[in-house]
Amino acid sequence: MSKAPLLEVKKLRTHFYSENGRVTAVDGIEFEVHEGEILGIVGESGCGKSVTSQSVLRLYDEKHEVEYEGEINFKGMNLLELSLSKMQNIRGNEISMIFQDPLSSLNPVYTIGYQIAESIILHQEVSKKEANEKAVEVLRLTGIPAPEKRVNEYPHQLSGGMRQRVMIAMTLACQPKLLIADEPTTALDVTIQAQILDLIVEMQTKFKMGVMFITHDLGVVAEICTRVVVMYLGQIIEEANVESLFENPLHPYTKGLMRSVPQIDGDRSQELYVIEGTVPSLDNVPKGCRFSTRCQYADEKCYEQEPELRSLKDTQKVRCWYAEKIIKMGDDTYVKSS
Ligand SMILES: Nc1ncnc2c1ncn2[C@@H]1O[C@H](COP(=O)(O)OP(=O)(O)OP(=O)(O)O)[C@@H](O)[C@H]1O
Ligand SMILES: [Mg+2]
């Protein structure tokens, strides 16, 4: 028997209100994150990855007109039913988040040592002196050279990669059960990106955290994730183990994403495949299958009827009427059989 999941998201819908009416940015998504696993969430820009992660922490509640439906179960509680003050206790303590741009989450007027120590004091019963020592210690764990000097510096004095390490250090100080990483390496150059990924995996293994890792980089997914959900226009269109997803992507959208990733050993002269068209806007969601407007295999049924997310194999789910019928040919293209 597998243990109960750390996080269980059920039929989550997130609606925003503005003068133009209501948009549903996340529309009925479901997934689980287990202890010690890294779940990848992928999809093109605007598909709802950040809204999903920020909904888990209810980060919109204070600044936006937002309404949630469904359940976000964590440690026997539905987070959507908690008061904001209870939610505040969960943030940082039990669920931590790191963002693409750490500058926006660091306070420019305090030294990083002060900020790490503050987050330690907030979460653990220690003296100021102990917290300061601990700040140096967690910073050292992230591989920052001379952490005892760095603690006295301000965020703007550090490089992007260093700032991301500081964010990870703050996360470690609280030892959360769940880490949500929203494109934490996108703004960094490739070498630093690899170091930060290694660090996240190392910490995840050490502290048996569950991780929700949001990215649009399938290379990163292949490297660190165990399972993946693929999102399109606010919904999950495929869910699979990493191996299955890369060996046998089932949804035409996932197939397109795979073909648009540069292959390290591939023919560099060959142009990368691009999925035609753009993601429709939320106030113009296609009837039927949401991907139908861009899908080369779509027919009348796809334009009219919305497919459910269904299990096609033990470990793989897909939201497509014709997933079984779209077959790979020898030249790596796909055709739809009748
Ligand atoms: N506060 C808000 N009010 C209204 N709409 C919003 C709000 N926040 C996000 N959206 C909309 O929700 C959709 C999903 O946005 P989201 O930021 O989750 O995309 P994403 O998948 O994270 O994209 P990216 O890869 O660019 O970060 C977008 O259409 C966006 O415009
Ligand atoms: Mg985002």
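This note goes through the charged side chains and one surface patch of the predicted model shown above.

1. Basis of the note. The model is predicted, so local features are taken at pLDDT of at least 70 and side-chain atom pairs only at pLDDT 80 or more, while totals for chains, interfaces and linings use all residues. Residues are numbered from 1 along each chain as its sequence is written, chains are lettered from A and ligands numbered from 1 in the order in which they are written, and side-chain values use heavy atoms, with hydrogens and water left out.

2. Salt bridges overall. With a salt bridge taken as a side-chain nitrogen of Lys or Arg within 4 Å of a carboxyl oxygen of Asp or Glu, the count comes to 16. One network of salt bridges links Arg-13, Asp-27, Glu-69, Arg-290 and Glu-306.

3. Glu-69 and Arg-13. These two side chains meet in a salt bridge with an N to O distance of 3.1 Å, and the pair links distant parts of the chain, with Glu-69 in strand E4 (residues 66-74) and Arg-13 in strand E1 (residues 7-18), 56 residues apart; strands (E, at least two residues) and helices (H or I, at least four) are DSSP runs numbered from the N terminus. Glu-69 is partly exposed at a relative accessible area of 31%, and Arg-13 is likewise partly exposed at 25%, where buried means under 20%, exposed over 50% and partly exposed in between (1.4 Å probe, protein chains only).

4. Arg-227 and Glu-239. The closest N and O atoms of this salt bridge are 2.5 Å apart, and the pair joins strand E9 (residues 227-232), which holds Arg-227, to strand E10 (residues 235-241), which holds Glu-239, across 12 residues. Both Arg-227 and Glu-239 are buried.

5. Arg-319. This residue, in the loop between strand E12 (316-318) and strand E13 (326-328), is buried yet has no salt bridge, the nearest side chain of opposite charge being Glu-306 at 4.3 Å. A polar atom of the Arg-319 side chain does, however, lie 3.2 Å from the backbone oxygen of Pro-307. Beyond its neighbours within four places in sequence, Arg-319 is in contact (heavy atoms within 4.5 Å) with residues including Gln-235, His-251 and Glu-306.

6. Surface patch. Val-109, Tyr-110 and Tyr-114 form a nonpolar patch on the surface, with about 280 Å² of accessible area together; patch members have over 30% relative accessible area and no salt bridge, with like charges joined within 9 Å and nonpolar side chains (Val, Leu, Ile, Met, Phe, Trp, Tyr) within 5 Å, and accessible areas come from the Shrake-Rupley method with a 1.4 Å probe. Tyr-110 is found in the loop between strand E6 (95-98) and helix H3 (112-123), and is partly exposed at 36% relative accessible area.

Note on methods:
Lys, Arg positive; Asp, Glu negative; His and termini not counted. Polar contact = N/O pair within 3.5 Å; in protein donor to acceptor, adjacent residues only side chain to side chain.
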